[in-house]
Amino acid sequence: MNWVVSLLLVSGVFFFAIGTIGILRLPDFYSRLHAAGKCDTLAATLAVSAIALYNLHDLSFGSILVSWKVFAIIFFIFMASPTATHAITKAALLVGVEPWLKKKGVRK
Amino acid sequence: MMSQVFLAVTLALVMLIFLSLVRVLGGPTVLDRIVGVNMIGTKTTVLLLLIGLIYEAMPMFIDIALAYALLNFIATIGACKFFRRSKRVHLEDELAIEKETSA
């Protein structure tokens, strides 16, 4: 049980680190969104499910209730984070942030 | 043993939050800053749950984390809608336009 929780937590932090490196190093706004949206969703799901699993190590009514709330957080993040990324992308497209191209001005 | 794992993960998350703050401070457009704030908010949700585990006050911190996740989503959507209407996302352009009009 403890090993599974540790593995899930460490993999969550790993994907958080990948996402952070992605938004720091990628060259253009849309590729940064690609790193931020996917890595954030996966990492938060992994880390929060580890916390829900660890909370169940003593089974009582209170801990089951708390774990149910943690799963509500997982469900909400799983729905809300891609939606927020989609909204940011649509705002950027409508405002006219230019994508990064090999030759300048190929696609206008 | 598990509390040490939780402490190490919490410290790593705090360091990653500071790294994300670099993008928030130096992003070329306003939307870059919004992406950085959204990532910081997701990390803070996980961080609040871990603090609840470390201090063994899970029923209190779970509600704070849930409220923080909701607030983060609503703030991102609201900021997106605002900048979609105002049609200007480059701070440098705005500064240049202000200089031209004043000069």
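**View 1. W100(A) sits in the segment after α3 (61-95) of chain A.** This is a predicted model: local features need pLDDT of at least 70, side-chain atom pairs count only at pLDDT 80 or more, and totals for chains, interfaces and linings use all residues. Residues are numbered from 1 along each chain as its sequence is written, while chains are lettered from A and ligands numbered from 1 in the order in which they are written. Helices are DSSP runs of H or I with at least four residues, strands are runs of E with at least two, and both are numbered from the N terminus. W100(A) has 11 C-beta neighbours inside 10 Å, so it counts as exposed. The scale is this: 20 or more other C-beta atoms within 10 Å of a residue's own make it buried, 12 or fewer make it exposed, and values in between make it partly exposed, with C-beta atoms placed from the backbone. Leaving out residues up to four places away in sequence, W100(A) touches P27(A), D28(A) and S31(A). Contact here means C-beta atoms, placed from the backbone, within 7 Å. L24(A) lies 76 residues from W100(A) along the chain, and their C-alpha atoms are separated by 16 Å.

**View 2. Chain A has 3 helices and 0 strands.** Along the sequence the pattern reads α-α-α. Chain A has a radius of gyration of 18 Å, well over the 13 Å that the globule rule gives for 108 residues, so it is more spread out than a compact globule. That radius is taken over C-alpha atoms, and the rule is 2.2 Å times the number of residues to the power 0.38. The C-alpha trace spans about 60 × 25 × 15 Å along its principal axes. Of the 108 residues of chain A, 39% count as buried. Take the contacts in chain A between residues at least 6 apart in sequence: 65% of them join residues at least 24 apart.

**View 3. Helix α1(A) carries a set of buried residues.** They are V5(A), L8(A), L9(A), G12(A), V13(A), F16(A), G19(A), T20(A), G22(A) and I23(A). These buried residues pack against α2 of chain A together with α1 and α2 of chain B. The 24 residues of α1(A) should span 34 Å at 1.5 Å a residue, and the end C-alpha atoms are 34 Å apart, which agrees. The expected span is 1.5 Å times one less than the number of residues.

**View 4. Helix α2 of chain A covers residues 29-55.** Of its 27 residues, 19 are buried, so α2(A) is largely enclosed by the rest of the structure. At 1.5 Å a residue, α2(A) should span 39 Å; its end C-alpha atoms are 38 Å apart, which agrees.

**View 5. Helix α3(A) has 35 residues.** From first C-alpha to last, α3(A) reaches 51 Å, close to the 51 Å expected at 1.5 Å a residue. G96(A) follows α3(A), with a positive phi near 100 degrees.

**View 6. The largest nonpolar core has 54 residues.** Such a core is a set of buried Ala, Val, Leu, Ile, Met, Phe, Trp, Tyr and Cys residues joined through C-beta atoms within 7 Å. A47(A), V48(A), I51(A), I88(A), L31(B) and L49(B) touch the most other members. Elements giving two or more residues to this core are α1 (2-25), α2 and α3 of chain A, together with α1, α2 and α3 of chain B. α2(A) gives the most, with 14 residues. Neighbours within four places in sequence aside, I88(A) is in contact with L33(A), L31(B), I34(B), V35(B) and C80(B).

**View 7. Chain B meets chain A through 38 residues from each chain.** On the chain B side, α1 (2-26), α2 (30-54) and α3 (58-86) each give two or more residues. α2(B) gives the most to this side, with 13 residues. The chain B side divides into 26 nonpolar, 7 polar and 5 charged residues. Ala, Val, Leu, Ile, Met, Phe, Trp, Tyr, Cys and Pro count as nonpolar, Asp, Glu, Lys and Arg as charged, and the others, Gly among them, as polar. The predictor gives the complex an ipTM of 0.86 and a pTM of 0.86.

**View 8. E56(B) is found in the loop between α2 and α3 of chain B.** E56(B) is not a glycine, yet its phi is positive, about 55 degrees. With 8 other C-beta atoms within 10 Å, E56(B) is exposed. Chain B has a mean pLDDT of 86, and 86% of its residues reach 70 or more. pLDDT is the predictor's confidence in each residue, from 0 to 100.

**View 9. A8(B) lies in helix α1 of chain B.** A8(B) is partly exposed, with 14 other C-beta atoms within 10 Å. A8(B) and A69(B) are 61 residues apart in sequence and 23 Å apart in space, C-alpha to C-alpha.

Definitions and conventions
Contact = placed C-beta atoms within 7 Å.
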